[in-house]
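Reader: I have a structure to read. Can you show me how to go through its core and its rings?

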Amino acid sequence: MIDDAALLDAWRAGDRDAGDALIGRHFDAVCRFFRSKLGDDVEDLVQRTFLDCVESRERIRHPSFVAYLFGVARNRLFDHLRRELRRPTEALGERSIADIRTHLSGRLARAQHHALVVRAMQALPVDFQIALELAYWEDLSGAEIASVLQIPANTVRSRLSRGRALLRERVQTLAAQPAERAQTLATLQARLPAHDPSR
């Protein structure tokens, strides 16, 4: 199978089939990245992220194409949030989606506990949310997560640990009923084990 970097090079050289293949591999993951923060209406951001990758002529200096791709997606997300706020905003990664956006889409949630997790994730500082998603949903390595977030690799473990703790706190705060809280916390415990960033 042709690797991602080779497909990107071919796409940049004009091979549209290579572009289609590369997009096909990573489209769902990039959609998840944006939908978990902005709701369902993210098609333009997804397309723009892939176009940024092909239009750029810089060499990929990340551990993998996937890390490069999510770095581009993070930049696109922050550009979008700045436009929504209608002013330049510093340190977006330290703010939460709930702080930045007052009307969040609830369409992502099909079950009550899933809706609660989504709301709790959106209440985290954005870079904590991104770190958790990349580790547990996209299975990126510690080096890849560090590259996306532009932090030292040895900071990833503590970022994930703190993110898990914050997520549990947000679930406890947001849960309307004790049973809902207990079920959601049990689900999180099963799905968010300690992540080994040395991979």
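Author: We take the core, then the aromatic rings. This is a predicted model: local features need pLDDT of at least 70, side-chain atom pairs count only at pLDDT 80 or more, and totals for chains, interfaces and linings use all residues. Residues are numbered from 1 along each chain as its sequence is written, and side-chain values use heavy atoms, without hydrogens and water.

Reader: Which residues have the most contacts inside the largest nonpolar core?

Author: In soluble globular proteins, nonpolar side chains tend to be buried together. A nonpolar core joins buried Ala, Val, Leu, Ile, Met, Phe, Trp, Tyr and Cys residues through side-chain atoms within 4.5 Å. Buried means under 20% relative accessible area, with a 1.4 Å probe and protein chains only. Here the largest core has 57 residues, and Phe34, Phe70, Leu77, Ile130 and Ile145 have the most contacts inside it. Helix H4 gives the most, 12 residues. Helices are DSSP runs (H or I, at least four residues), numbered from the N terminus.

Reader: How do I read a pair of rings?

Author: Give the distance of the centres and the angle of the planes. Rings of Phe, Tyr and Trp (its six-membered ring) pair if their centres lie within 6.5 Å; planes under 30 degrees apart are stacked, over 60 edge-to-face, the rest tilted. The whole structure has three aromatic pairs. Phe33 and Phe34 are edge-to-face, at 5.2 Å and 90°. Phe33 and Phe70 are tilted, at 5.7 Å and 45°. This second pair links helix H2 to helix H4, 37 residues apart.

Reader: Are Phe33 and Phe70 buried or exposed?

Author: Both Phe33 and Phe70 are buried.

Conventions. Buried < 20%, exposed > 50% of the residue type's maximum accessible area, 1.4 Å probe, protein only. Helix = DSSP H or I, 4+ residues; strand = E, 2+ residues; numbered from the N terminus.
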